[in-house]
Amino acid sequence: MRTLKVDLGSRSYPIHIGENLLTQNDLLSPHINGKQVVIISNDTVAPLYMKTLLATLENLQAHKIILPDGESYKTLTTIESIFDQLLEIKCARDVTIIALGGGVVGDITGFAAACYQRGVNFLQIPTTLLSQVDSSVGGKTGVNHPLGKNMIGAFYQPQCVIADISTLRTLPTRELCAGLAEVIKYGLIAKKPFFSWLENNIDRLLELDSNAIEYAVEQSCLCKAEIVASDEHEKNGQRALLNLGHTFGHAIETGMGYGNWLHGEAVGCGMVIAAQFSAKLGWLSDNDVSKISKLISMASLPTQLPKELTADRMIELMAVDKKVKDGKLHLVLLKDIGEAVLTSKFNHDLLYNTLNELHNNA
């Protein structure tokens, strides 16, 4: 097992990475307040891992809340249903809420924990690659709105993250590939040697080689933990670098209808668009764009803008991105592989023309 730390002073917490961690009560018990525990999962993950987790927590008053599976349920309506059930169970302020599932479950559970009685203990047990390397770490929680993804939420840190890579063996191939988008992102924004490692080891990751997966999760979490520690609430621009490809990706997710494109698929395509626009600005070489596009393609992720989304529609959707400040759209772009920047200083006509060209080539 590998253990990392997200260094946030009094709110610091560990990330445990390894095999068969769901059965290890000693990892969970230090972070549980009282006797009352509520596990929130969905109807895909719960049949696979709920029984194991309940057995690990057998000495506690454990309850479960099972949500329907899918991005389309990441809504305020779902949050309200969780509050209904927490109140019916008569959960007190010393309850510990555990998220057992992927990014959607983690985001919803964290937001519910942040709001219930103005904040209660919660733990993250991510069961997808995407959630293990990204959404479970850093304290971003929330739900979607029909006009924009993740527009309603809170910064609320977990007490710990337990990334049991054994759970990835039941992950559908499409979900595994979606998670690789976020892994590749870390190589692009800050870890050029890691990007090179991914070029040489992408096949091992797709085959779920345990050593390769554990290393990739560790490197990804190290990168995110360092950035979150330096800019927890996105005040100095460092944390925004984690959104490489996300402005384009969120527009694709919203425009195509939540759930039709997986988050990682949209981010993978969004990173290719960001690389192509960076090249248009003269910041990135065509060779680097080709390397980025090739690796994302090798991960079985889309690299072309969906034909349904015109340049006008993309610009419209991007206008409600969380990185719009004082009416200006900020984008995370690349100066080099391993060097990302957040900027609003780009030619908007060039951005439109780039998106239009990509649409015409779709």
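Student: Is Arg 174 buried, partly exposed or exposed?

Tutor: Arg 174 has a relative accessible area of 41%, so it is partly exposed. This is a predicted model, in which local features need pLDDT of at least 70 and side-chain atom pairs count only at pLDDT 80 or more, while totals for chains, interfaces and linings use all residues. Residues are numbered from 1 along each chain as its sequence is written, and side-chain values use heavy atoms, with hydrogens and water left out.

Student: With which residue does Arg 174 form a salt bridge?

Tutor: A salt bridge here is a side-chain nitrogen of Lys or Arg within 4 Å of a carboxyl oxygen of Asp or Glu. The partner of Arg 174 is Glu 265, with the closest N and O atoms 2.6 Å apart. Arg 174 belongs to helix H6 and Glu 265 to helix H10 (residues 263-280), so the pair ties together parts that are 91 residues apart in sequence. Glu 265 is buried, at a relative accessible area of 11%. As for the labels, helices (H or I, at least four residues) and strands (E, at least two) are DSSP runs, numbered from the N terminus.

Student: How many salt bridges does the rule give?

Tutor: The count is 16. One of them joins the side chains of Glu 214 and Arg 2, at 2.9 Å from N to O. Because Glu 214 sits in helix H8 (residues 210-230) and Arg 2 in strand E1, this pair ties together parts that are 212 residues apart in sequence. Glu 214 is buried at 14% relative accessible area, whereas Arg 2 is partly exposed at 27%.

Student: Which residue meets Lys 185 in a salt bridge?

Tutor: Asp 134 does, again through side chains, at 2.9 Å from N to O. Lys 185 is in helix H6 (residues 173-189) and Asp 134 in helix H5 (residues 129-135), so parts that are 51 residues apart in sequence are tied together. Both Lys 185 and Asp 134 are buried.

Student: How do I read strand pairing, and what does E1 pair with?

Tutor: Two strands pair if DSSP finds at least two bridges between them. E1 (residues 2-6) runs antiparallel to E2 (residues 13-18), and 5 bridges join them. Leu 4 stands opposite Ile 15 of E2. The hairpin of E1 and E2 has 6 residues between the strands, and Gly 9 there takes a positive phi near 65°.

Student: Where is there another hairpin, and how many residues join its strands?

Tutor: E7 is joined to E8 by a hairpin through 2 residues. E7 (residues 140-145) and E8 (residues 148-155) also pair in the antiparallel sense, over 5 bridges. Thr 141 is opposite Ala 154 in E8.

Student: Which residue other than glycine has a positive phi?

Tutor: Lys 90 is one of them, with phi near 65°. Lys 90 lies in the loop between helix H3 (76-89) and strand E5 (96-101), and its 68% relative accessibility counts as exposed. Gln 117 is another, with phi near 50°. Its place is the loop between helix H4 (103-115) and strand E6 (121-126), where Gln 117 is partly exposed at 31%.

Student: At what angle do H9 and H10 cross?

Tutor: Axes are lines fitted to C-alpha atoms, for helices over the stretch in contact, and angles run from 0 to 180 degrees between N-to-C directions. The axes of H9 (residues 246-256) and H10 cross at roughly 130° and come within 7 Å. Under 35 degrees counts as roughly parallel, over 145 as roughly antiparallel, 65 to 115 as roughly perpendicular and the rest as oblique. H9 and H10 are therefore oblique to each other.

Student: How do H6 and H8 pack?

Tutor: Their angle is about 55°, with the axes 10 Å apart. That makes H6 oblique to H8. The crossing of H6 and H8 is left-handed. Contact (heavy atoms within 4.5 Å) is made by Val 183, Tyr 186 and Ile 189 of H6 with residues of H8, among them Ala 216 and Lys 224.

Conventions: Buried < 20%, exposed > 50% of the residue type's maximum accessible area, 1.4 Å probe, protein only. Left-handed = near helix turned anticlockwise from the far one by under 90°.
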